[in-house]
Structures are given as structure tokens and as C-alpha cells.
Amino acid sequence: PPCPSPPRVPPPQRLPLPLLQPPPRLLPRVQPPPRLLPLQPRLPATRPTSWRTTRGPKEAPFRRRLVPPPPRPLASTPPASAPLLSGICALQAAAQLTPGVVWCGVVWCGVVCVPRVGGQRSRLPPPPLALFLAAGRIYFEMLTDPDSGSWGGYVCSGTVATDPENNERSVIVTAAHCIFDDVSKAFARNVLFIPNQAETSGGGTDFDCSNDPLGCWAPAFGVVDVEWTTRTFPSNAKWDYGFYVVETSGAHLGTDAGSDSLEVAAGSMAVSFASPKFDDASAMGEGAADYARALGYSYSHDPSFMFCAQDLTLYSATNWWLSSCGLSGGASGGPWLQASSTPGEEKHIFSVNSWGFTSLPGMAGPRFDAGFAQGVWEIAKCADLAVGDADEGKQGLAVSPASACP
């Protein structure tokens, strides 16, 4: 049966388009009233209403909750190979999705949960267990009105990236639009990273780090490509990747995680800047060389960790594409995974959630293999931690990938 699409709220207005399909939208940040995204975004009114970002609009404060969407129907008979979700999945998905999986051809849509066996976590086949701890919710504030100096709260997703060099820091990979606003031309402030937020004992995203399994970490600053900052969406979509830098000491808040180091406490996932497999016609679905998964904390299902999976293709020379993906606002910056050819690495991150269409399913991600992202990554690993002491809106670096570490 066809893949059930998540409910989508139409945009407040729709521009006449001469195209056969609407242009892409960046996934939204979250804060009403909606100005750009049809889901839950609040983006500057100067952007076309036919675009959205995957930044989820976020209420400030977080105490207000959204009405959960109606449940998605399950396929009548999932394939025998479909892993069933159980344990805490039933608790997390009760308001949004019947426990189980939704199968539609080669696409697996569902809520990512960690099944429990005898009180202990057990390994869920896809994605790897390490991702549940390393991936998390990002809360931040962006400058919404430079004239009045108003700031608004938003949510995204991110993942702790493996950094063998350490350098007294941990690094989170996410989307550039979750770090720097290309319209107001300011970096985010008051940033929090909440790993494994899906297992929070609270009702959803909030400011209470004591109800999250590992607590929260406050990044010192963000690093993005200078091309993202000097252009506006969609002309800067190919550079929609970035990194938050978290100091090893003094950044942790809330629940005791056993270590102040984010990478030690939450673990990490490898980031790859090599070309992933795509458009492989030799096989389809799970097990195919080009099978990929996009994951993130869609705010419409807060605090569940959501994902979609199917064969990877290209939308353009600069963007990967998953045509049936239904992730929404708040999933921005969530990881894209594919099997690794490196011994010992089950999966690696090769892109992040970036943008999609206003009225059609699908998710695009920037190409890490285009020759730019790795340079930004290298600078994030060695930049002076004093960058985090800058004034609000300037706590970050806009760098050229070819430049040396500042």
C-alpha cells in the first residue's frame, strides 16, 4: 500500500508557481505564528511562503503542548523482515502511532524507540543502538527582529560526532540553519543539546535538564560555512551543515551522566565525507547498498525520535533526496545514515535533514562529499574555545573550508 503521509497544515498563503511541483522549503524552527512553514514554523516573513525549513518552531516557554496528530494506519500485514517496536515504544507512540511499523514498498516509516528486555536496553536492528544516545534535541534562540532585538525559541536535532582528537571538546553535527540565521545574520544564543531526549521522564521538550536521561549540555559556539551566512535560502542550501562545539568541562547540566564530557557520556557516531551509495538499481529496500535512513526529533511527535528509510537518490548536484520521507519541523539537523565500508563501523553520518516541500513528502540533505563540509568540520575540532565568550548573536564562526584554524 502507498506510504501514509503525516498530516500537514497548509501554509498561510500560497504563491502561484509555474512549476510542476512546489519549490523546496527549509524545515522549520518552531514558534507561532506560522510565517513560512505549513507545519509549525516561524521564519522571517521575507522568505517565500512556498518554502519551509526543518527547524521546528518552538513555543517559549516550552510548557505549552501541541495537540498530537491523528494516528497513522498500519499496513495490514507487515513483511516478516519488519522489526516490530515494543516496550517503551508503546508508551512513547501511544498518542501518535500504534506500536508497530508502517510498511510501504521499500519505505519503513515509524517511531524509533528502544525496546526493553528484562529492564535493559536491547539492540534494535536499524538504526544502531549508539544513535539513540548520541542523537538529541537542540534548543536555541534566534534573533527574530533585529530592530527591536527580539529573540525567539526554536528546536532542531543533532548528533554527537566522533572526534578522535578530542581537543577538550565534543562536536555536534547539525544543519547550518540551526546555528546561524541567514536572514537576521546572527548566530543562535542560549543553546542546549539534550541527548536521547526520547527517554525523558518529562512530558516533552522543556528547560528541566534533570528529567532527561543524561541531562543537557550547553554548546560554547557554532561553526558554519561562510557561504551559508552571505547568501539566503535557497541559494545557500548546499551549505546547510554546521557544527556545535561543546567544552569538555563546565557545559553539563541536570542528571548525572557519569562524565562531563558529552562524547564520553552519550557516545558518538562517525561522520563520513566520502560519497555514499545512491541510485543502485541492483536491489531495493533494506539490504540494498544505497538504503539510507533519515532521523530526527520532529516536534509534531515530541519527544519521540522519528525516522524514515528508503533508497537514496539525488535531488540535484548538491542535495541528496529521500522522496517519501515525512519528517517535519524540529527534525532539522538530524542524521542521515548508511552502512559503512569501514571495518568496525556499522553506520556513518553522511548528511543531515535540511529542507522539503510544503505540500509533498520528501527530505533533502546537503552533500558532505562536495568538498566543503570536511573543511568546516576540521575547524570545529580545533577552533579557539574563547569564541564562545563573544556577545550574543556573535557566538560562532563563519569559515571558509580552505582556511586554517582561527
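Predicted model: local features only at pLDDT ≥ 70, side-chain atom pairs only at ≥ 80, totals over all residues.
Residues are numbered from 1 along each chain as its sequence is written, and side-chain values use heavy atoms, with hydrogens and water left out.

The protein chain holds five helices and 26 strands, where helices (H or I, at least four residues) and strands (E, at least two) are DSSP runs numbered from the N terminus. Of its 406 residues, 60% count as buried, a term that means under 20% relative accessible area, with exposed meaning over 50% and partly exposed lying in between (1.4 Å probe, protein chains only). The chain exposes about 15,100 Å², of which carbon and sulfur atoms supply 55%; accessible areas come from the Shrake-Rupley method with a 1.4 Å probe, and for residues only the protein chains shown count as cover. Among contacts (heavy atoms within 4.5 Å) between residues at least 6 apart in sequence, 70% join residues that are at least 24 apart.

A disulfide is a covalent bond between the sulfur atoms of two cysteines. Here a disulfide is taken as a pair of cysteine sulfur atoms within 2.5 Å, and by this rule the count comes to three. One of them is formed by Cys-156 and Cys-178, whose sulfur atoms lie 2.1 Å apart. This pair links distant parts of the chain, since Cys-156 belongs to strand β9 (residues 150-161) and Cys-178 to the loop between β10 (169-174) and β11 (180-181), 22 residues apart. The torsion about the S-S bond of Cys-156 and Cys-178 is about -80 degrees, so this disulfide is left-handed. Cys-156 is buried, with a relative accessible area of 0%, and Cys-178 also counts as buried, at 0% relative accessibility.

Cys-209 and Cys-216 are joined by a disulfide with an S to S distance of 2.2 Å. With -110 degrees about the S-S bond, the link of Cys-209 and Cys-216 is left-handed, and both cysteines are buried.

A disulfide also joins Cys-308 to Cys-325, at 2.1 Å from S to S. Distant parts of the chain are again linked, with Cys-308 in strand β19 (residues 305-311) and Cys-325 in the loop between β21 (319-322) and β22 (335-339), 17 residues apart. The S-S torsion of Cys-308 and Cys-325 is about -85 degrees, so the disulfide is left-handed. Cys-308 is buried, as is Cys-325, which has a relative accessible area of 0%. The C-alpha atom of Cys-325 is separated by 5.7 Å from that of Pro-361, although these residues are 36 apart along the chain.

Strand β18 (residues 291-296) is mostly covered, with six of its six residues buried. Both of its faces are covered: Tyr-291, Arg-293 and Leu-295 are buried on one side, and Ala-292, Ala-294 and Gly-296 on the other. Strands are said to pair if DSSP finds at least two bridges between them, and β18 pairs with β19 in the antiparallel sense over six bridges. Within β19, Met-306 is the bridge partner of Gly-296. Strand β18 also runs antiparallel to β22, to which two bridges join it, and in β22 the bridge partner of Arg-293 is Leu-337.
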